[in-house]
Amino acid sequence: MAIHVTKHAIERFQERVAHVTDEEARIAMTAPIIELAATFGECFVRLPGGQRIAVKDNAVVTVLPSAHYKRNIRRVRGLDE
């Protein structure tokens, strides 16, 4: 199953995780573990730096900053509906 990575997610990855090229960010966000997580439906994948990759409808939609506390994740509009 191929997972889609939105342009928004690439930009947030570059801003919050690492200053890499679009292709490098896309490769990082389509790692096997993230594709596996997508099979479970809506979810968040925590990165070593504390950031969270948000997956919805088989697409990486954004990258949340490490300061985005767990209790706030449910408040992200559209990801908890």
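Mentor: What follows goes from that strand to its partners, then to the core, a neighbouring loop and the charged pairs.

The model is a predicted one, and the part you ask about is strand E4, residues 59-64. E4 is mostly covered, with five of its six residues buried.

Two strands pair with E4. Strand E1, residues 4-5, runs parallel to E4, and two bridges link them. His4 has Ala59 as its bridge partner in E4. Strand E3 pairs with E4 in the antiparallel sense, over five bridges. One of the residues bridged to E4 is Ile53, whose partner there is Val63. The hairpin of E3 and E4 has two residues between the strands, and in it Asp57 takes a positive phi near 50 degrees.

In soluble globular proteins, nonpolar side chains tend to be buried together. Here the largest nonpolar core has 17 residues, and the members that touch the most others are Met29, Ile34, Ile53, Val55 and Val60. E4 is one of the elements that supply at least two residues each to this core; the others are helix H1 (7-16), helix H3 (32-38), strand E2 (43-46) and strand E3 (52-56).

Val60 deserves a separate entry. Setting aside neighbours within four places in sequence, Val60 is in contact with Ile3, His4, Val5, Thr6, Ala9, Met29, Ile34, Ile53, Ala54 and Val55. Of these, Met29, Ile34, Ile53 and Val55 are listed beside Val60 among the core members that touch the most others.

Gln51 sits in the loop between E2 and E3. Its contacts, leaving aside neighbours within four places in sequence, include Val63 and Leu64, along with Pro65 and Ser66. Gln51 is also in contact with Val45 and Arg46, and with Arg16 and Val17. Is Gln51 buried or exposed? Its relative accessibility is 9%, so Gln51 counts as buried, the limit being under 20%. The side chain of Gln51 reaches the backbone oxygen of Arg16 at 2.8 Å.

The structure holds four salt bridges. In one of them the side chains of Arg16 and Glu15 meet at 3.4 Å, N to O. Arg16 is partly exposed, with a relative accessible area of 28%. Glu15 also forms a salt bridge with Arg12, at 3.2 Å, N to O. Arg12 and Glu15 both lie in helix H1, three residues apart, which is about one turn of the helix. At 17% relative accessibility Arg12 counts as buried, whereas Glu15 is partly exposed at 46%.

How values were computed:
Residues are numbered from 1 along each chain as its sequence is written. This is a predicted model: local features need pLDDT of at least 70, side-chain atom pairs count only at pLDDT 80 or more; totals for chains, interfaces and linings use all residues. Side-chain values use heavy atoms; hydrogens and water are left out. A nonpolar core is a set of buried Ala, Val, Leu, Ile, Met, Phe, Trp, Tyr and Cys residues joined through side-chain atoms within 4.5 Å. Buried means under 20% relative accessible area, exposed over 50%, partly exposed in between (1.4 Å probe, protein chains only). Helices (H or I, at least four residues) and strands (E, at least two) are DSSP runs, numbered from the N terminus. Contact means heavy atoms within 4.5 Å. A polar contact is a pair of N or O atoms within 3.5 Å; within protein, one must be able to donate a hydrogen and the other to accept it, and residues adjacent in sequence count only if both atoms are side-chain atoms. Two strands pair if DSSP finds at least two bridges between them.
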